[in-house]
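Biologist: Could you walk me through this model and tell me what stands behind the labels you use?

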Amino acid sequence: MIKLSSPWVFGGAMALAFGLACLMVMSTPNTAPAQPAAAEAAPEPAPPTGQVYTGAKRCSSCHFKQAASWKKTKHSNAYNELPEKHRADPECMKCHVTAYGVEGGYTGGATPELLQGLLGVTCEACHGPGSKHEEVCKPFLNVKKLSPEQEKVARDSIYKILPGNICAKCHLAIVHQEHPKYEGMKEKK
Ligand code: HEC
Ligand code: HEC
Ligand code: HEC
Ligand code: HEC
């Protein structure tokens with residue numbers, strides 16, 4: 001007799017549940033695609049518009065902990081990893097630096113310091129530009145413990161994660177598309 005915990009039964013049940021979920025999605029007329037139960041209840045309020053990029057150093061000056069963990073990821077090294085001859089190649093920059101060609105971001109007009117702060121996949125690649133967030137938070141620099149109101153004002157002025165599946169913007173290359181070819185690229189098995 002097959003026990004219920006058998007991987008086959010479990011797998012079959014999962015497949016069935018998934019199929020049903022898909023059917024339910026497909027048969028819901030004229031509504032936005034069904035989302036899996038959201039982890040957080042309320043959607044995050046949109047931060048103020050018109051923010052420009054400030055670079056990772058400025059973010060890190062207030063967020064030591066996150067900066068330290070980010071430093072350990074390949075994101076922080078994504079530019080340095082580029083072979084020499086591709087370091088000004090727009091074809092590579094769009095995923096290996098932050099906000100390439102975006103207004104207020106990695107563009108011709110940016111100061112050398114800002115350009116430096118946007119090399120690699122930096123804070124603002126995932127959180128969006130933070131100039132106004134910084135302005136909002138500066139007065140709190142000497143506050144030992146933020147009040148709930150202050151914390152809300154600070155948090156509402158920047159995205160926890162940019163909407164629109166921001167990870168996929170760069171990682172699509174490992175889903176359906178292929179990573180652009182370059183000399184010395186490791187062969188995928
Ligand atoms: C002047 C200090 C300061 C600077 C500079 C600063 N932040 Fe913050 N940030 C805060 C404070 C204060 C909060 C409130 C929550 C907390 O205490 O961490 C916050 C919250 C956040 C949050 C949480 C948002 C949420 O919805 O919960 C993110 C993400 C964030 N900051 C990213 C950034 C990024 C990216 C930059 C650089 C563009 C940056 N911060 C620059 C002080 C700062
Ligand atoms: C601006 C483009 C960009 C965005 C946005 C982005 N990534 Fe990446 N990611 C990269 C690049 C480029 C690398 C490879 C860096 C390297 O190897 O030098 C990478 C590497 C990684 C790695 C391997 C990291 C390691 O340290 O081993 C993971 C995991 C990853 N990304 C997940 C994510 C997730 C999850 C998100 C969204 C929250 C995200 N990425 C957003 C471009 C991006
Ligand atoms: C669509 C976004 C995108 C573009 C465009 C892109 N990359 Fe990447 N690159 C990534 C991501 C995501 C990773 C990490 C995951 C992976 O290896 O697929 C990565 C990883 C790398 C790595 C580390 C590979 C390793 O084996 O550790 C190098 C080097 C690299 N890219 C070079 C380039 C060069 C050179 C170009 C331009 C010809 C380029 N990339 C264009 C997204 C991109
Ligand atoms: C690849 C995308 C990515 C990059 C790059 C990134 N973050 Fe985040 N960050 C996230 C995600 C996703 C979350 C929410 C989940 C979590 O808390 O781990 C987050 C959460 C945060 C928070 C909120 C923590 C809290 O108290 O709720 C802060 C602050 C923050 N990041 C700051 C930074 C700073 C500063 C940098 C750069 C030094 C940075 N992040 C780089 C994706 C990123």
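Modeller: Let's start with the largest nonpolar core, made up of 9 residues: Tyr53, Ala78, Val97, Ala99, Tyr106, Leu118, Leu119, Val121 and Ala125. The model is predicted, so local features need pLDDT of at least 70 and side-chain atom pairs pLDDT 80 or more, while totals for chains, interfaces and linings use all residues. Residues are numbered from 1 along each chain as its sequence is written, and chains are lettered from A and ligands numbered from 1 in the order in which they are written.

Biologist: What makes a set of residues a nonpolar core?

Modeller: Its members are buried Ala, Val, Leu, Ile, Met, Phe, Trp, Tyr and Cys residues joined through C-beta atoms within 7 Å. Buried means 20 or more other C-beta atoms within 10 Å of the residue's own, exposed means 12 or fewer, and partly exposed lies in between, with C-beta atoms placed from the backbone. In soluble globular proteins, nonpolar side chains tend to be buried together.

Biologist: Why does Lys138 count as exposed?

Modeller: Lys138 has 10 C-beta neighbours inside 10 Å, so it counts as exposed, the limit being 12 or fewer. Lys138 sits in the loop between α7 and α8. Its C-alpha atom is 9.4 Å from that of Cys62, 76 residues away along the chain.

Biologist: Which residues does Tyr53 contact beyond its neighbours within four places in sequence?

Modeller: Those are Ala99, Gly104, Gly105, Leu114, Leu118, Glu124 and Pro129; contact requires C-beta atoms, placed from the backbone, within 7 Å.

Conventions: Helices (H or I, at least four residues) and strands (E, at least two) are DSSP runs, numbered from the N terminus. Two residues are in contact if their C-beta atoms, placed from the backbone, lie within 7 Å.
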